[in-house]
Amino acid sequence: MFGNKTCKISKTLQENKNSMQIEHNFSLKNYNTFSIEAKAKSFVEVGNTTELAQILKEHQNEKLFILGGGSNMLLTQDIDALVIYVNLKGKNILKEDADFVWVQGNAGENWHEFVLWNLEQNFGGIENMSLIPGNVGTTPIQNIGAYGAEIKDTMVSCEAMNIKTQEIVTFTNAECKFGYRESIFKNEAKNQYVITSVVFKLTKKNHKINTSYGAIDGELAKHNIANPTIQDVSNAVIAIRKSKLPDPKELGNSGSFFKNPIVPKAVYEKAHAQFPDMPHYTVGENEVKVPAGWLIEQAGFKGKRFGDAGVHTLQALVLVNYGNATGQEILNVSKAIQKTILEKYGIAIEAEVNII
């Protein structure tokens, strides 16, 4: 599990031959958090690596689309492919010592529920990422992060199945080539692997409490918590997120739609001279990160609605589907925002969400 080894799927591919049912012209409305109505040419759910290997092998000459939690994508069209819904469940403690525990989560586990499960056992390191939508298997792809923490901080390795060969390969943290919302799976290894499980190294004691980012300290102060536990930090993050971000079950969205732009210092200084209230965070010697939400809000888009597509009233980073918006309508809103921000500030903002 912890080396860069490769192993063949050894179980017979025939043992689950009759357990999977391929459906056609299948609605994906309940499989994407934007609640966009789009159809899959065909659809199948897999519940273990044997089923996944079988489907990949039997349909290797067809167009395939791998679907996880559906939380980081915007469907702008029907999917003319076999959609494989990766629903691998399970979580395990692989090993532990006096200070640390190595926990494995399978790809189909809901991320927030996985975080809570670890917190129940007082395992620390991922509490700042509470309530991020999606599943465990997609977390390394995006190197998800929030409130001063990212997946790369605690992830040891992940296992991924090669789509062409059905081999399972282990990628170490370094081999994932993590960046800001980036990884090898979004670049040179894109569309080549299906992540099947992820291993995290978490603390059992002497937890590193991180409350410096965002409004966590303020939320803790409301409850007179001076020496917070990891559970307290998680509760604070959940409260903050609920106060700003809509529940996808109630209002279609994918969380933050845009990345915070990182720009050369000269670009920031030029914009800052014109807009002196512009906040920023220094990144290295020559780059600056600017909050995209601030840019969007100052440009007048916060709470703006275009039919059933719009920008959330409480958080300008979040685009929402008020009911029956199409993916193309939401994409049009995002393009209008990008165009305005570039014209007004000279700063380009990129979508964090995958546009399909």
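Visitor: Where is Arg181 found?
Guide: In this model, which is a predicted one, Arg181 is found in the loop between strand S12 (168-172) and S13.

Visitor: Why does Arg181 count as buried?
Guide: Buried means under 20% relative accessible area. Arg181 has a relative accessible area of 10%, so the residue is buried.

Visitor: Which backbone oxygen does the side chain of Arg181 reach?
Guide: That of Gly145, at 3.1 Å. The limit for a polar contact is 3.5 Å, and the 3.1 Å between the Arg181 side chain and Gly145 falls within that limit.

Visitor: Which residues does the UniProt annotation "active site" cover?
Guide: According to the UniProt record, an unreviewed entry, they are Arg181, Ser256 and Glu352.

Visitor: How do you know that they gather at one spot?
Guide: In sequence they span 172 residues, yet no two of their C-alpha atoms are more than 11.5 Å apart, so they gather at one spot. The contacts can be read beside this: leaving aside neighbours within four places in sequence, Arg181 is in contact with residues including Glu352, Lys186 and Lys259. Glu352 touches Arg181 and Ser256, among others, again not counting residues up to four places away in sequence.

Visitor: What makes Glu352 count as buried?
Guide: The cut-off is under 20%, and Glu352 has 13% relative accessibility, so Glu352 counts as buried. Its place is in the loop between helix H8 (327-345) and strand S21 (354-355).

Visitor: In helix H2, which residues are buried?
Guide: In H2 (residues 111-120) they are Trp111, His112, Phe114, Val115, Asn118 and Leu119.

Visitor: Why are the buried residues of H2 said to line one face of the helix?
Guide: Looking down the axis of H2, the buried residues fall within an arc of 160°, so they line one face. An α-helix has 3.6 residues a turn, so residues three or four places apart point the same way. On the other side of H2, Glu113 and Glu120 are exposed.

Visitor: What do the buried residues of H2 pack against?
Guide: They pack against strands S7 (91-96), S8 (100-106) and S13 (193-203), and against helices H3 (139-142) and H5 (230-244).

Visitor: What caps the N-terminal end of H2?
Guide: Asn110 does: one of its side-chain oxygens lies 3.1 Å from the backbone nitrogen of His112. After the helix comes Asn122, with a positive phi, near 65°.

Visitor: Why is the pair of Phe114 and Phe200 called tilted?
Guide: Ring centres must lie within 6.5 Å to pair; planes under 30 degrees apart are stacked, and those over 60 are edge-to-face. The centres of the Phe114 and Phe200 rings are 5.6 Å apart and their planes meet at 45°, so the pair is tilted. A search of the whole structure finds 15 aromatic pairs.

Visitor: What makes Phe114 and Phe200 a link between distant parts of the chain?
Guide: Phe114 is in helix H2 and Phe200 is in strand S13, and they are 86 residues apart. Phe114 counts as buried, at 0% relative accessibility, and Phe200 is buried with a relative accessible area of 0%.

Visitor: How many residues has the largest nonpolar core?
Guide: This core has 45 residues, and those with the most contacts inside it are Met278 and Ile337. Among the elements that give two or more residues to this core are strand S3 (39-46), helix H6 (265-274), helix H7 (292-298) and H8. H8 gives the most, with six residues. A second, separate core of 37 residues includes Val103, Trp111, Phe123 and Ile151.

Visitor: What does Met278 touch?
Guide: Not counting residues up to four places away in sequence, Met278 touches Tyr268, Ala271, His272, Val290, Trp294, Leu295, Tyr345 and Ile347.

Visitor: Why does Asn253 count as buried?
Guide: Its relative accessibility is 2%, so Asn253 counts as buried, the cut-off being under 20%. Asn253 is in strand S14 (residues 252-253), and its side chain reaches the backbone oxygen of Leu251 at 2.8 Å.

Visitor: Does Ala174 count as buried or exposed, and why?
Guide: Exposed means over 50%. Ala174 has 65% relative accessibility, so Ala174 counts as exposed. Ala174 lies in the loop between S12 and S13.

Terms used: Residues numbered from 1 in each chain as written. Predicted model: local features only at pLDDT ≥ 70, side-chain atom pairs only at ≥ 80, totals over all residues. Heavy atoms only, no water. Buried < 20%, exposed > 50% of the residue type's maximum accessible area, 1.4 Å probe, protein only. Helix = DSSP H or I, 4+ residues; strand = E, 2+ residues; numbered from the N terminus. Arc of directions from axis to C-beta. Contact = heavy atoms within 4.5 Å. Polar contact = N/O pair within 3.5 Å; in protein donor to acceptor, adjacent residues only side chain to side chain. UniProt positions renumbered as here; feature names shortened; annotations may be inferred. Core = buried A, V, L, I, M, F, W, Y, C linked by side-chain atoms within 4.5 Å. Phe/Tyr/Trp six-rings, centres within 6.5 Å; stacked < 30°, edge-to-face > 60°.
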